[in-house]
Amino acid sequence: QYFADILGPNPKEDHICAKILKADLNGALVCVEKSICESNVGIKGIILQETRKTVRIITKENKLKIVLKQTSVFLIEYKDQLFRIYGENFTYTPSERSRHRFKNRDIIKLL
């Protein structure tokens with residue numbers, strides 16, 4: 001619902017990528033696809049807090065996990081599409097990220 005509100009009814013594919021990168025991801029459902037710390041791979045949950053270098057994720061088991069952005073790759077789903085976000089490309093606070101200019105290669109659409 002959060003991304004639907006941000007993106008509007010019929011967003012263009014290029015706009016989806018740009019908007020997801022600039023969005024405040026607090027409350028978003030994510031999955032850690034890759035991480036230098038193998039115990040973080042596969043963590044699924046809701047982002048509770050996002051800082052410049054970390055993401056705090058609450059899992060279904062009600063456990064709080066802290067994942068470093070710099071060394072991780074995240075998956076976000078929107079309308080049956082998966083988007084891969086490389087953590088090193090959004091190592092900013094949400095307020096800084098809204099002003100940052102990203103290139104199209106910073107996010108990859110998977111499906």
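## Nonpolar core

The largest nonpolar core holds 21 residues, and Leu25 and Ile57 have the most contacts inside it. A nonpolar core is a set of buried Ala, Val, Leu, Ile, Met, Phe, Trp, Tyr and Cys residues joined through side-chain atoms within 4.5 Å; buried means under 20% relative accessible area, exposed over 50%, and partly exposed in between, with a 1.4 Å probe and protein chains only. At least two residues of this core come from each of helix H2 (13–22), strand E1 (29–35), E3, strand E5 (72–78) and strand E6 (81–86). H2 gives the most, with four residues.

This is a predicted model, in which local features need pLDDT of at least 70 and side-chain atom pairs count only at pLDDT 80 or more, while totals for chains, interfaces and linings use all residues. Residues are numbered from 1 along each chain as its sequence is written, and side-chain values use heavy atoms, leaving out hydrogens and water.

## Ile57

Not counting residues up to four places away in sequence, Ile57 touches Val30, Val32, Ile43, Lys44, Gly45, Ile46, Ile47, Lys63, Leu64, Lys65 and Val67. Contact means heavy atoms within 4.5 Å.

Strands E3 (54–58) and E4 (64–68) run antiparallel and are joined by five bridges. Strands (E, at least two residues) and helices (H or I, at least four) are DSSP runs, numbered from the N terminus; two strands pair if DSSP finds at least two bridges between them. Arg56 stands opposite Ile66 in E4.

Five residues lie between the strands of this hairpin, and Asn62 in the turn has a positive phi of about 65°. Thr59 is in the loop between E3 and E4. Thr59 counts as buried because its relative accessibility is 11%. Leaving aside neighbours within four places in sequence, Thr59 is in contact with Ile43, Lys44, Gly45 and Lys65.
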